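The exercises below concern contacts between side chains, and each one is followed by a solution that goes step by step. Please look at the sequence and the structure before reading on.

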Amino acid sequence: MLQGRQIQQAVIEELLGQARAGASGALVLRGEPGIGKTALLDYAADRATSQMPVLRAIGIESEAELPFAGLHQLVRPALDRLGALPGPQSAALAAAFGLAHTAGSGLTSAGDRFLVGVGALSLLAEIAPVLCLIDDAHWLDRASVEAMLFAARRLHRDGIVMIFTSRDYPGAFPARGITDVPVPGLDAAAASALLADRDVALPPWQRDQLIAATRGNPLALIELSDHGVISKPNTVAAPVPVTSRVIDAFGHQIRSLPGAARAGLLIAAADDTGDLALLHRAGLDPGELQPAEEQGLVSIIGGTLEFRHPLIRAAAYHGATHSQRQAAHRALAVACTGPDQADRRAWHLSVATTAPDENVAAELDRAGARAVGRNGHAAATAAYQRAAQLSEDATAATRRLVQAAEAALDDGQHQTARELADRADRDPVDTALTVRLLQVRALADVADGIMLGAYERDLAGAAMIAGSDPAQALWMLMEAHQEIRQAPYDHERIAATVRLLDSLPSDYGRRPLGWLIRWNAASVLGLDTTGYPSLGETIARVRDSAVATGPRALMITAAAACLAGRDDAMRDIGQALVDEARARGSIGLLPLGLSQQSWPDTMLGNYRDARIGAAEGRQLALDLGQPFWADWMCGTLAYLAAIEGDEHACRDYAGQVHAATEQSAAAAPWAEAALIVLDLGYGRVAESLARMQAAATGPAWHHPNITRMAPDLVEAAVRLGQLSQAAEAADRFSRWAPLVGQPWAAALHARCQALIASDADTERHYERALNLHDQDTRPFDQARTQLLYGEWLRRERRKRDARVQLLASLQTFDTLGARPWANRARTELTATGTAAPHPVAPDLLTALTPQELQITRLAARGLANRDIAAQLFLSPRTVAYHLYKAYPKLGISSRAQLPALV
């Protein structure tokens, strides 16, 4: 019977009840060692055993460098269902557990490390309802932590409960988004009841002082009650260091054992498998552990040895001398004979080795390569780092530190990557290694929003290899250019990227990628583009080469298209990235692709697609710890909300975007653009103009979103009678629009001209703008031009002509759900003496959430739930739940009715 744990038990009961009803949930039980976290897991297991399967795993400190070891412990009983999973998820799990091999690593492998979490979620859903208990999660390997937490954050209607335990020191098992339930010490009444349950008889004064000294820690109460912690009455019971005193108590028990039993316990403590066959090969005789079993320190069941408590393992291990621990690890290394034990062999050798040893370093090097192949980048980082420490050759040590830094970067550990790169010996003789280090630092800087630092590193790297590898130098120059374009404006630094092009050998500076850099720089440097090859053809040729180079090159090309105002090209590249991510199961790549797809979809007027993509991408980016892409898609969602007049959602999403800094102005302009449109739509013209003026004269004035705001600034300034401001903004836009070379930009330029022209020329400019709009697919921009034209015609007392434009704009605004703009058009139409039509009823699909709409679209195309789950990285049960919720909203009762509606 548990004492004093009613709160924690109630939370567990609620989760189990939800699982029985088909819902899911997760929590973390946090507390100091011995506080009773494992007892609560046992309670949960007892309550669930008759109703659902129970899977368990435990973090072991010595397993922290073995990728996916903890996850494999957890799902091993369910691996016979692996074949039921979507192909990419099944392949990712098989590779993670060493059941198969995937070529490559990172974003281009058959599956990335986050897909392992999706696969684990789907595997658990196959046997749901299921209870997953993960003890000592602070000692899990990082790959398992990422996979388990990703799965936990995406739990929905799967009937899965995940309960973790962790110590409560700072930084222990950070689990953002998962409910934390503290497990404190027992109060006096519960502690007294616990002692009574265990037949511990103490004088009242001694009992009370023991409770106070141990702060109600259950394990300390039991283990220290007969160790003389409290020897005499005292008015003040000083707290004792619970962990160290409990370890001392266990150590006292271990020291009382025969020498052979102590030696066997040390080998078992140095091992992480509990596999008796392995321990026997390492020199442990199970019969010699009988005294330890009799004292309850360990148990041997079947072919497995288990310590009763992790602190017993710690006492057995740390109570030995350093040389004894080394000998135990050497014995275990010799015992690890199978190919599936190569990683354990390498790590046991590394622990047993204190001086440089190239043979051991090489084994760790190979372990790092295997970890990369399984997407266990945290384990690879540790392996390469330790291999560098044991390297006998300085160049080999530098190479291994570079590999460790690159693996840390792939793992999302930007600060670790930066520190490892700083430790590497920057040997000027090995230029290739130096450039790799610069790239690591640059990518770490980008991830942390340090755009100026990233620019300096990429520019330096490009200069170093301009003669030896001009093709790679070109890509680094493009990255440097894009990084400085996302920093506060710096004319000289932007110009430096163009000057370096001319220093490249042969014709490299005149290749398509070089021309694209020049096109991107032209608008902010005032370059003459006469004689430049076609921008559209240049982007197409760069895209073709980027496809062969890899996903990062495609992303760079999409960003270049954005800078150039080529939304159609950006959207196509974004779609290619999304398609590749879904086909390969590269979930880490998906937010990048969705960001490059959803923003141009917004600009092109594909609002429904944009909302679906941005909503999916934002949630994935948050789950994956990709704040830059989360910012981008928050900006997109804020802009869509602004068009619809949803002020609360617009400000909420805009508020989630990180503010501009001295190093970066990358994301803030996306949010600012949304707030400008929101204010303008609601007639808060002065507020909108103030925002635009601040943005247009601020350090991020060269950001593409600020440049695109010039027509809005012209409109607001004209409405407030600030004609000089309007003329200046129109002039600025007139220099950019021809560089874009697209009908939509020319149409907005013509609209600006109409707003500032004399009455004699106004109509000509409006008519030209509408003709150009007809050549593009941007209904919101076209309707705004029609609205402004209609307002001008009404002021000119041409009411009949005005009604034509105003009615057309109203119909478009209503269709788009742009309520503030529709209200403005309706007011103007009424002022012409004609009753405005009632708002059109929204179609049924507007009642669906973005995820429901996305799933119903795929179902309407004939995809089965399993295939939809594979595309969206969900479990089939979650897909079925969303369809179940969507049918009543659509007024249908079966899947067969979907194609007619969606």
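**Exercise 1.** Determine whether Cys634 is buried or exposed, and find how far its sulfur lies from the closest cysteine sulfur.

Solution. Begin with accessibility: Cys634 has a relative accessibility of 2% and counts as buried, where buried stands for under 20% relative accessible area, exposed for over 50%, and partly exposed for what lies in between, with a 1.4 Å probe and protein chains only. Cys336 is buried, with a relative accessible area of 4%.

Before going on, note that this is a predicted model, in which local features need pLDDT of at least 70 and side-chain atom pairs count only at pLDDT 80 or more, while totals for chains, interfaces and linings use all residues. Residues are numbered from 1 along each chain as its sequence is written, and side-chain values use heavy atoms, with hydrogens and water left out.

**Exercise 2.** State how many salt bridges a search of the whole structure finds, and describe the one between Glu32 and Arg215.

Solution. The rule comes first: a salt bridge is a side-chain nitrogen of Lys or Arg within 4 Å of a carboxyl oxygen of Asp or Glu. The search of the whole structure finds 51 salt bridges. In the one that joins Glu32 to Arg215, the closest N and O atoms are 3.7 Å apart. This pair links distant parts of the chain, 183 residues apart, with Glu32 in the loop between β1 (25-30) and α2 (37-48) and Arg215 in the loop between α8 (204-214) and α9 (218-224). Helices (H or I, at least four residues) and strands (E, at least two) are DSSP runs, numbered from the N terminus. Arg215 is partly exposed, at a relative accessible area of 41%.

**Exercise 3.** Describe where the partners of the salt bridge between Glu852 and Lys889 lie, and give their accessibility.

Solution. The closest N and O atoms of Glu852 and Lys889 are 2.8 Å apart. Glu852 lies in helix α43 (residues 850-860) and Lys889 in helix α45 (residues 876-890), so that the pair links distant parts of the chain, 37 residues apart. As for accessibility, Glu852 is buried at 5%, whereas Lys889 is partly exposed at 32%.
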